[in-house]
Amino acid sequence: MEVPVKVWALLVLLSVCLKTVLCFSNGKVEQACDDMTPEHGHQSSPHPPPYNITVDKSKFSPLEQIKVTLSAVPSENKTHFKGFLIEARNASNPNAGPVGSFTLLDPEISQLLRCDDREGAAVSHTSEVSKTKVQVIWTAPQDPPSSVQFQVTVVQKYKLYWVRIQGPVVSLNDAPPLPPLPTAGQSVAKTTTAASILSDAFTSDDCGIKKSCLREPAGCDPRKDALCYFLSFRTEDASVVFELSGPAPGYISFALSTDKWMGEDDVYLCIKEDDRVDISAAYVQGRTHPVIASENVLRDTAWRLADGVIQCRFRRNIRIPATYQNRSDLGEAHYLFMAHGRAEGGRTHRHDRQPLISTNPVLITGLPEDVTGSRSHLLIKFHAVFMLIAWMTTVSTGVIIARYFKPDWAETTLCGQRVWFQFHRALMLVTVLLTCIGFILPFVYRGGWSKRAGSHPYLGCTVMALALIQPIMALFRPAPDTSRRYVFNWLHLGTGTIAQVIAVVAICLGIHQQALLLPAPWSTGVLAGYVVWFVLADLVLEVHRRGLFSIGQFVKSFEIHTENIQTEDREEILFVPSENESYIKGHCFKKIVLAVYLCGNLGFLIILLATISAV
């Protein structure tokens, strides 16, 4: 069952890649051979292109070669370009496809493309490195048309490009002249309606009364709080007015989804470009970059930039014709996703934080309400909770009991086993169980391995392996009176200690993962206090055992021995008092330290669990 699902996911990803290949920077743009248009989801620039196309001869014969040069017009702005597509077309029928073939002069910045099943029919870029000039050689076919025109598409940045710039015309020797054609620097572009500028910031005054709102922090007002992430919507006639606001370096966005998983979603973007904001509709298929929709479904667009906060407003009809690409019906309930992040050249980067996702599906055209949401999925929250309880509470308590209470409860039994051993075993089994459950949850959430989580998953896998080794090792431990028992003692102690240390490091990294980003820096301080509290308790008990506290000075001598200790292990690794000493007073002290430690430990745990619940 797992293999077909992976195959299906691979096919979906492949189809997305094929649809968006023209947006890539590697120049593999064979799908653009016909119309020479990048699938960037924007219109060709209406301004004159700052580029020249020149040739080294105006007449040619069959199989003759011509040098073609594309260059940026020298200016104070140091004009450059990142992408290009060069073709030669029949001047009398330019839509018939490319003619002739090209040869490269600089393979580092240019590459040949296969168009109409002919290798070298077009030339494109190899990377998005800025360029000011590129030269290629065009070879006329055996049976060329009477006149050939060179056409070029040039991409300066993701949202700024010129399509099919008309270049010079070269004619076959002795061919009759053609009527005048557009000269170099002409390209056709569609016009769009510019968005207006908002006169004032958005407000949350009518949230839950006249409009629905999704906010973070809860109850914030974008007019008063510059750190407020805000989405509102209200129904007006047959349309819905959306307001989106938040601090972001490049863009803010929201999506309408049928579930809490990214993919197949209706997306709306407000992207900062220099000193303005571009507002557009898009869609995502899987965990990919949004693809800007070719149809314009938004109207009454307006925007505002102030103090690092991006704000935009637009109107969209409740129902969109089925012919429009991946647009949701606003009359149906959807989960709301709100995200923000960086943008460069009009193209968005991966969001800086986990999206804010509404707790429940929301009917966009329903009654006004205050919508609640969270940036962390419930599975990830439970993952964090289980790991915290396991490796910050149950493990540490089990270690303290086994290390310091073994001599005190040496003869006291519970269900046929010594009390300290029953407590220790129960706590460690709980640790292993919680670790196993917590280990599985992120894989269920991600649907596999996460490549963006850094070293955290690797450390987690190591902890999981060590946690499983411990009980397996305990099953095969030698009898207490065997000569090899000390080997088990050291291995058990060493493996457990290493697992505990790695687990603490993994947790420290985990609270700063994008899927569970706890507030910094105080959450890190709480976790550090959690660790220091255990170290202090362990240190106090160890110093007390060595008789360095006044409470322990009634113990006059210590020795390491192997034959007189009535515990499960006759050979001890650590110092213990000899059997003829009275340690009733010391036992009470250790109980007090354990009680104080558990109170502090549970306090830190409750604080972190409350923080996880709130994100």
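1. T258 is an exposed residue, with a relative accessible area of 65%. The cut-off for exposed is over 50%, so T258 counts as such. T258 is found in the loop between β15 (251–257) and β16 (265–273). Its C-alpha atom is separated from that of L336 by 9.0 Å. Along the chain, T258 and L336 are 78 residues apart. Please keep in mind throughout that this is a predicted model.

2. Next, strand β9. Is β9 enclosed or open? Of the 11 residues of β9 (residues 147–157), 10 are buried, so the strand is largely enclosed by the rest of the structure. Two pairings of β9 can be described. Strand β4 (residues 83–90) is joined to β9 by 8 bridges, and the two run antiparallel.

3. Q151 stands opposite Q166 in β10. β9 and β10 form a hairpin, with 2 residues between the strands.

4. A hairpin is also formed by β6 and β7, with 2 residues between them. Strand β6 (residues 110–115) and strand β7 (residues 118–125) pair in the antiparallel sense over 6 bridges. C115 has R118 in β7 as its bridge partner. Look at D116 in the turn: its phi is positive, about 55°.

5. Now the aromatic rings. How many aromatic pairs does a search of the whole structure find? It finds 20. One of them joins F60 and W138: the ring centres are 5.5 Å apart and the planes stand at 85°, so the pair is edge-to-face. F60 lies in strand β2 (residues 59–60) and W138 in strand β8 (residues 133–139), so this pair ties together parts 78 residues apart in sequence. F60 and W138 are buried.

6. The rings of W420 and F421 also pair. Their centres are 5.8 Å apart and their planes are at 80°, so this pair is edge-to-face. The edge-to-face label applies because the planes are over 60 degrees apart. W420 is buried, and F421 is buried too.

7. Some rings form a group. Which residues do ring pairs link into a cluster? They are F233, F242, F254, Y268 and F314. Of these, F254 falls within the residue range of β15 (251–257). Y268 falls within that of β16 (265–273). The loop between β15 and β16 is the one that holds T258.

8. Two charged residues lie over ring faces. R375 lies over the face of Y229, at 5.2 Å from the ring centre. K590 lies over the face of F405, at 5.6 Å from the ring centre.

9. Last, the surface. Which residues make the nonpolar surface patch of about 470 Å²? Y486, V487, W490, L491 and L493 make it. L491 lies in helix α5 (residues 485–510). Is L491 buried or partly exposed? L491 is partly exposed, with a relative accessible area of 47%. Patch residues need over 30% relative accessible area, so L491 at 47% clears that cut-off.

Definitions and conventions: Residues are numbered from 1 along each chain as its sequence is written. This is a predicted model: local features need pLDDT of at least 70, side-chain atom pairs count only at pLDDT 80 or more; totals for chains, interfaces and linings use all residues. Side-chain values use heavy atoms; hydrogens and water are left out. Patches are made of residues with over 30% relative accessible area and no salt bridge: like charges are joined within 9 Å, nonpolar side chains (Val, Leu, Ile, Met, Phe, Trp, Tyr) within 5 Å. Accessible areas come from the Shrake-Rupley method with a 1.4 Å probe; for residues, only the protein chains shown count as cover. A salt bridge is a side-chain nitrogen of Lys or Arg within 4 Å of a carboxyl oxygen of Asp or Glu. Helices (H or I, at least four residues) and strands (E, at least two) are DSSP runs, numbered from the N terminus. Buried means under 20% relative accessible area, exposed over 50%, partly exposed in between (1.4 Å probe, protein chains only). Two strands pair if DSSP finds at least two bridges between them. Rings of Phe, Tyr and Trp (its six-membered ring) pair if their centres lie within 6.5 Å; planes under 30 degrees apart count as stacked, over 60 as edge-to-face and the rest as tilted. A charge sits over a ring if NZ of Lys or CZ of Arg is within 6 Å of the ring centre and within 35 degrees of the ring normal.
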